[in-house]
Amino acid sequence: MIRLIVLSLLVVCFFGTTAWGADPCIDCHREKTPAAVRQWEVSAHVGKVDCAGCHGSDHEALLAGLVKVGAATCGRCHEKALHDHRASRHGMSLHAGWGCTRNQPDRDVSGCRFCHEEGSTLPKSKVQCARFLTQSPEMRELGCNRCHQVEDNCGSCHSNHMTDLAIVRSPQSCAPCHMGPDHAQWEMWQTSQHGGLYASMGGEYAPDCQRCHMPQGSHNVSKGLTSPPSMIPYPVEKRTQAREEMLVLCAECHAKEFARRELAQGDGIRDQSLELIHEAKEIIIDLKDRGLIDPAPEERPPHPLAGNQLVLDGQMLYEDYSHIERLFFKMKKYDLAKTVKGAYHQNPAYTHWIGNAELKMDLVDIKSEAQRLQKTQVLPVAAPDPTANLERELQTIKNRFDRGALSREEYDRQRNALLETLQP
Amino acid sequence: MSIPTLFLRSLFALGLILLCCCSLVTLPQLPPGEMLTPVTTTLPQTPFAVHPDGTALASVREDGLWWVPLDGRAAYRLSERHPTALSWNPSGERLALVTVANNSSSLQVITLTGEVVATEELSGFASDLIWRNVHEILLLTQKLTRYSFGGNLEMSLQVWHENQPLQRESIHSVTLKKSTLALGERLFTVPSLQLSPWGDEILFERIHDPPQFPVYQRMVVRHLDSGEERALEATPLLSPPARYSADGEAILYADGDGKLLSLSLWPQGKMPELLFEPEVLARQLTLNADGSRGWRDGALWQGKTRLWSWSEVEAVKYAAGSFWFRAGKKIFRLEGDREATLSPLAALDEGQRNKLLLLRRWRSNGLITPADYNIRFEEILR
């Protein structure tokens, strides 16, 4: 009997040690990275996934920073979550927010691994972000990567070593990235009626981020959205299907037709806001046609992707440009987002005063700046040069023709009319 | 007179007759009305520059650069330098010379008395220079950097303007294969620099050396004010330099395959027109002012008629209404082409010229079409 008890104790000790203490990393890392070990020890991974299971066992490579615990590592077990994640905007974050730093003077080679598989020169995506490329390595890492790495880093939301779902079920987990002037979803929700009720009554009475955007634990955060970040709606078929998916969620609390009307009002505000953006953009393009942007694109440091071209799309920078472009950047990147997302998040203050009012005041500023620039075009009286005006007009109509704003026939007509004024 | 004296005199006379006969054999048979005159001596393989009024020239001798009047006045030395390129400004008051040493060049501008007006060190090797106007010089320079895999050749346009800092703009950069570098300094002779008869545009050649294909050169036209460039036809490396036609609306070039072609610059994309298929490759190409006569491959041509040939000619220029040849240690002048010495642009008054220059700039910028230009051109000349 005593022999049996001793043998049993030995077996327990042996297997117990193999499960935990025998992990060759633990003893050292309890000192080196105590939080990581403590978190792992209380996680669902303990006893199932050891350090090498995710990090590998090549310690040299680990120390050299060459081993990446990417989404694919987690996906080996969490297959459905990875599938949903990759079908969503989160799964495209690096594609949207990165760029190759190969030709940058301050290149940081450790960043290559985010876009390249080990040993491969082929990037996962050729999409590049001009704003990323103009940053310092420190800003790229802290100001860009910390959010955009969500594409390939489950730890962005879950934390690296903990598995408690309370972490990711809290709307607070979305806040570090979904806040601020360009996409203030967290503040909008928090100060909306949904957010207020959530704060006072709890999640059973009001939705949080996850309830609407990650229903039933789905990792596809893009479900139910009818437009990309540019706010320009998806094609009818895609946006109709997305709207129906969202209405299913709304109908968990509201009458479906009520929810449909509310979201349709958001659509209306989106379309009206896009009209304002379009009007402002046309003003700036007209100034460009007339050579009145100051400093002109060819007079400032080249845009990392477009060189000396005027860029007003998603690759627009917020530095090294003219004042009128700065006004447009604020209008498009900040105030359009606040208005439209404010409407969809049922936040009247964001929709109107923080968003719409600013949008319209931006347009006033842009028109005023355009008038000021047009006044600078008047030639000095002391040295009038009629051909200089003619040349400017010819350049203006050529710019319009080149960007497709004038037909060939109309361009020929206007050009010939201008040339008629040149006295033989 | 004694018999020995008479014998000696006869021998001398015979020698003179033989010498004359030899000269007659050496000198080519000239067309009727043409006259070839030796004007001065020079060092072989050195440049010379004819003064715009045709009364003098600058040539290189053993002890430096000399001013050589052609009207009997005494010659004198202008500079101790031995330039590799020379050019008078349009008024004939300034002479620009380039000297090369150790892969870098130096530009010097001097007066008729040899007084130095300016000296500039140029980055790279300058093979040619031209005066755009009385105050402005254009130079193409090349700088070669050698690497284990080959080299990088950077071409720059440098502009010298009196009393202003030298301006430099990089206009081409090419990676050269090792096999191309074996050509050595001959590479530097590729980019000839031609000024349009209008003075608003230059024509030069760029080297291209793609990894999997043979090296070649491509002609490029660049408008000097707008900076607009247009790449034209490709030709084999070391093809002779192309030339502007007399009206500046076309270029003449040898395609490296025995053909002499004319390429209309406007409209773009038009096929080159075959002018002439010579018996040998066109290595030399010089035209007179109205383009009616040209020196090609050791022969003077009027259209497709061969007027005269002289195989010993090493360098040819057309200036002050004459062709000028360097053959061995002498410089010769060929006179007699008096009726065709004026450029067709000489008939324009200043107002017409300025308007057409403006229209040419707009055409180069793409602000007007070639058809627009042609219509306005006719109106202005009417």
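These entries cover a helix, then an interface, then a chain overview.

I note that this is a predicted model: local features need pLDDT of at least 70, side-chain atom pairs count only at pLDDT 80 or more, and totals for chains, interfaces and linings use all residues. Residues are numbered from 1 along each chain as its sequence is written, and chains are lettered from A and ligands numbered from 1 in the order in which they are written.

**Helix 18, chain A**

I took helices (H or I, at least four residues) and strands (E, at least two) as DSSP runs, numbered from the N terminus. I checked the length of helix 18 of chain A, residues 323–344. Its 22 residues should span 32 Å at 1.5 Å a residue, and the end C-alpha atoms are 31 Å apart, which agrees. The expected span is 1.5 Å times one less than the number of residues.

I looked for a bend (the angle between axes fitted to the seven residues ending at a residue and the seven starting there). Helix 18 of chain A bends by about 35° at A:D335. Just after this helix, A:Q346 has a positive phi of about 60°.

**Chain B against chain A**

I counted contacts (C-beta atoms, placed from the backbone, within 7 Å). The interface pairs 9 residues of chain B with 9 residues of chain A. On the chain B side, helix 3 (350–365) and helix 4 (370–381) each supply at least two residues. Helix 4 of chain B gives the largest share, 4 residues.

**Chain B overall**

I found 4 helices and 28 strands in chain B. Among its contacts between residues at least 6 apart in sequence, 42% join residues at least 24 apart.

How values were computed
Contact = placed C-beta atoms within 7 Å.
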